[in-house]
Every structure is written in structure tokens, then in C-alpha cells.
Amino acid sequence: MAQTLPPWQEAPARVESRRSVAWGPNGLHKPSTTRLAALCGVGGLAVLVLALPGGPDGPARISLVVFILAVALWAGTRIDDTYVALGAALALVATGVVGSEALFSTLGSETIWLLVAAFVLSAGVSATGLTGRFAALLMTRATSVRQLAHLVTVSLLVTAFAVPSTSGRAALTLPIFTALAGVIAERRRVVKAFSVLFPTVILLTAVATLIGAGAHLVTNEVLAATTGDQISFARWLLLGIPLAALSAHTATELVLALFTTATDRSEPLRISAADLAAGVSTPLAGPLTRSETRALVILGAVALGWCTAGLHGAHPALIALAGALVITSPRVGTTTMSAGLRTVPWSLLVFMAATATLSAALAASGAAQWLAGGMFGAVATAPVWAVVLTVVSISVAAHLLIQSRTARSSVLVPLVIPVALAAGLNPVALAFASTAAAGFCHTLTSSAKPVAMFSDVAGIPTYDSADLLRLSARLAPMTVLLVVVCALWLWPHLGLPLS
């Protein structure tokens, strides 16, 4: 008898199946008109940089051409992002723009080790089912659809502190959604609303923590290389949690308004832990198991160590590695080191190392300053609010061309920093605003893996492309507004001034 995979394992396979439709018989991608136009436009820009008499010279010109071609391949083709980034980094090394040590050293950086350890920690926590238990604890308290939606939002926000990947959080919570959909199956509009809500909140709440997305670590790497400053784990929490909570709960109300009726929202609702347990393999009720208690203690100790790094001086990567060792230890741990390492997205780590090399070449050669001056020169002399609005709007719209969240920040942050310096603004503040805004990627199923995973769940009515466009048309301007408001008024009060 054929083996049946659970829905959260089937979903990625269906995503890849849909992607393969766009590839021809020889494996060559057939780009859409928009992608082809982007590819031609960016490729033409590269030719222009080469031929422009007043353009940058020497290493700066080579860096610009390599950067522009990489952006063209990211935006206009479906060639693997890591393949493109690694090719760009090797081109820079081969042409002598940067030394080979610049590439190899990034692979051993503290950021890479932090992410490896964070994924091992996440594997240990996920193996216990602790996150599912917490979600069930909140969801069973709901007495209405609106209350349930906001409790789901809270539980998804909390998962950002335990799982350092939006796709990992989607895979972790998909069984919870399928169980919930089974309980309220007769309310089809409500089921559809929750299928939209889960990925929407997962993507918006990633900004809550430094390890919420690889793009955040890329931003920190670029900031360190160009300005010598970084955003600590505790500082990122202070800045990111308010935006994550505000945007997520606002989006929750938007989803409810778009996909449910007043009657849907007012009807009584009662869900028990037993109802949700049908689709989950770990216990959702009763006292905490020993493994859950150990995972909770280890995760809390690591988080405390990160938040108090300013007091003891230990690097967050060392704290994470210590936690990873404990959670995989033979007697105390909840998983094995081998199992934990299997969850690490090695492709993402190589991508981050390669794009860090590209960003360093842009900054060191002066190419980033030249390109930023050409693209944002007029904006740099505008009022502060206009500079922030322009950067945030471009960052939100960038997902239409560059699907990878990490790639977007790798492209945007090296350009945003020179703009900030030219405008007399704090580059850390503007880079953080750009990174927060670049997390918006809700327009297409291909824009983000969580959106694709929840769009096609067997036997459950979910959303289609028209639903996503309806949501995005309202959520995109809302995201721009919230980030701009935070950058101009909230974050300065929290210790991140714009100037």
C-alpha cells in the first residue's frame, strides 16, 4: 500500500510541482512578460554601466556589472538564488575585486554559526511539540471567530522566537491549521479566512526577532561591513516586537473583514484540545512532558543569554551553540545533533556568505555610493519623511521582482546605507526600516513559501490568486504606513533615531 504523507510534508512537493509547469522540456525557464521585461531592463542597465563615460572605474565598475547581472537573474529567471549569488561572488574573486579570503571568511562568520545553532535549537523544541501545545492552549480559549483569529495571531507571533524560518514555521503550524479546518469545516468562509491568516501573520511577525529571517542577518552583516555597527538581539526585539504585533493584529482585522461576514464573526465558537489533537502527533493537553519542560528551560536560558549579552559579553553565536549542545545531549536533550543539523538550510548559509561578499565589494569599491546616488540622488535632499517613504515603498514593492526575502535585503541594504549617509540620516535606522518593509511578500503564491504552502491543502478550501490580490492591494499600503510611522515616531523613542 502506498505511503500517505501528512499534509505539511506534501505541501512543499506540490509547490515544486506548480513551479515545474513554468519550465520547458529542456529545463529552461519560460519567463513571463513581466520577468522578461525586468531581465532585459536590468541587463540593459549593466551594458549602460559598462559604456557610460562618466561611470565608475576599475573595481567599482566590475562590482556594479556583477551586481546588476545578479539582480537581473534573481528577478528575471528561476535560476536558484544561491547559484546566482555564488557565481557573482566567484566572479568578483576571479576579477580581483575582492580576495578569496573575503568569500571564505564569511562562511565561518559568527552570523553563520548563529543560524546553524538556532536551527538545531529549533529542531529540539519542535520535536517536543511545545509550540503546538502553546497554540492549542490559546485557541481553546476562543469563544468567537474574531477572538480565535487574534489568539492564533498571538500564538504565531510566539513561534517566531522558537523557529528561525518563515517556511519552517509554516510547516510547523500547518498541522494545527488542518486540524482547525476539520473542526470548523461547515464554516467554509471562516476556513478560507484562516488559510489566509496563517501565512499572512507568519510573514509579518518574522520582524519580531533577529533570527526570524535570514534577511535580518544579512542586514546586520552589511551594516557591520559598511558602518561598523549592528543591531543586537535584544535591541532587535525591542524594535521588532511592536511592529510585528501591530501589523499582525491589524492584518487579522483586515483578513476578517475581507473574507468573513458579520454573521460569521458573531456566531459562538468552541474548540477543545481533543478537536485539535486529531491532526497532531504530540500531546496538546495535560501536564508538560519532561522533554517539553527541558526544551522550554533551554530555550528560555538561551533567550535570556541573548538579551543580556551586553552584561556578560558573550557573542550570541556562542550562547546559541551552547544551547544547541545541551538540547542535543544524550541525557538532557530532546533530539540528536544529526537530526538537528539535517534541518539547517545549508543553501541559505552559502547564499548569505556569497551575498555578504557581494555587498562588501559594492561598499569597498565605491560602487554602492555611485549607484545609490544615481537612483536616489534626488531623494537624498528631500525631507526626512519623503526619504523614509521612498525607501519603504520600494522595499515593499521589491517582492514583485525578487522573490527571495534574503536576496531583497542583499540588494536593497547596500544601496540604502549610502542614501542614509547622503541624507544625513542614521544608516542603521533606514536599513532596519527597509528590511522590515521587505518582509512584505503576499501578492502571489510564488512570493513566499508560506503563502504557497497554505494555498493548496488537500480537501480544504483555501485561497486563490484573486484572493491574494484583494488582500495585497490593502495590506501593502498598510505595511508602508506602519513602517513609516514606526521609523519616524516609535523607533526614535526606543533608541533608534533617524538622525
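## Starting with one crossing

Is the crossing in which H19 passes H22 right-handed or left-handed? It is right-handed. Keep in mind that this is a predicted model, and that goes for everything below.

Here is the rest of that helix pair. Helix H19 covers residues 346-365 and helix H22 covers residues 405-422. Their axes are 10 Å apart and the packing angle is about 10°. With angles under 35 degrees counting as roughly parallel, H19 and H22 are therefore roughly parallel to each other. On the H19 side, the residues in the contact are Leu348, Phe351, Met352, Thr355, Ser359 and Leu362. They meet Thr406, Ala407, Ser410 and Pro414 of H22.

## The overall picture

Stepping back, the protein has 25 helices and 0 strands. Of its 499 residues, 54% are buried. If you take the contacts with a separation of 6 or more, 78% of them are between residues 24 or more positions apart.

Next up is helix H6 (residues 110-128), which packs with H15 at an angle of about 150°, their axes 8 Å apart. H6 passes H15 in a left-handed crossing. From H6, the contact uses Leu114, Leu121, Gly124, Val125 and Thr128. Across from them in H15 are Ser291, Glu292, Ala295, Ile298, Leu299, Val302 and Trp306.

Then there are helix H7 (residues 130-139) and helix H8 (residues 145-159), whose axes come within 9 Å and cross at roughly 155°. H7 is therefore roughly antiparallel to H8. The crossing of H7 and H8 is right-handed. H7 brings Thr131, Phe134, Ala135, Leu138 and Met139 to the contact. H8 answers with Leu148, Leu151, Val152, Val154, Ser155, Val158 and Thr159.

How many aromatic pairs does a search of the whole structure find? It turns up 6. One of them is Phe177 with Phe454: the ring centres are 5.6 Å apart and the planes sit at 65°, so this pair is edge-to-face. The two residues come from distant parts of the chain, 277 residues apart, with Phe177 in helix H9 (residues 166-183) and Phe454 in helix H24 (residues 449-454). Why does Phe177 count as buried? Because its relative accessibility is 1%, and the cut-off for buried is under 20%. Phe454 is buried too, with a relative accessible area of 0%.

Phe454 also pairs with Phe198. Those ring centres are 5.6 Å apart with the planes at 25°, so this pair is stacked. Phe198 lies in helix H10 (residues 188-204) and Phe454 in helix H24, so the pair ties together parts 256 residues apart in sequence. Phe198 is buried as well, at a relative accessible area of 2%.

## A charge over a ring

Which ring does the charged end of Arg470 sit over? That would be the ring of Phe259, with the charged end 5.0 Å from the ring centre.

Cys307 is in helix H15, which spans residues 290-307. Its relative accessibility is 37%, so Cys307 counts as partly exposed. Leaving aside residues up to four places away in sequence, Cys307 touches Phe233, Ala234 and Leu237. Trp236 is 71 residues from Cys307 along the chain, and the C-alpha atoms of the two are separated by 9.8 Å.

Where does Ala423 lie? You'll find it in the loop between H22 and helix H23 (427-437). Ala423 has a relative accessible area of 23%, so it is partly exposed. Ala423 and Ala382 are 41 residues apart in sequence, with 8.0 Å between their C-alpha atoms.

Terms used. Residues numbered from 1 in each chain as written. Predicted model: local features only at pLDDT ≥ 70, side-chain atom pairs only at ≥ 80, totals over all residues. Heavy atoms only, no water. Phe/Tyr/Trp six-rings, centres within 6.5 Å; stacked < 30°, edge-to-face > 60°. Helix = DSSP H or I, 4+ residues; strand = E, 2+ residues; numbered from the N terminus. Buried < 20%, exposed > 50% of the residue type's maximum accessible area, 1.4 Å probe, protein only. Lys NZ or Arg CZ within 6 Å of the ring centre and 35° of its normal. Contact = heavy atoms within 4.5 Å. Axes fitted to C-alpha atoms, helices over the stretch in contact; angles between N-to-C directions. Parallel < 35°, antiparallel > 145°, perpendicular 65-115°, else oblique. Left-handed = near helix turned anticlockwise from the far one by under 90°.
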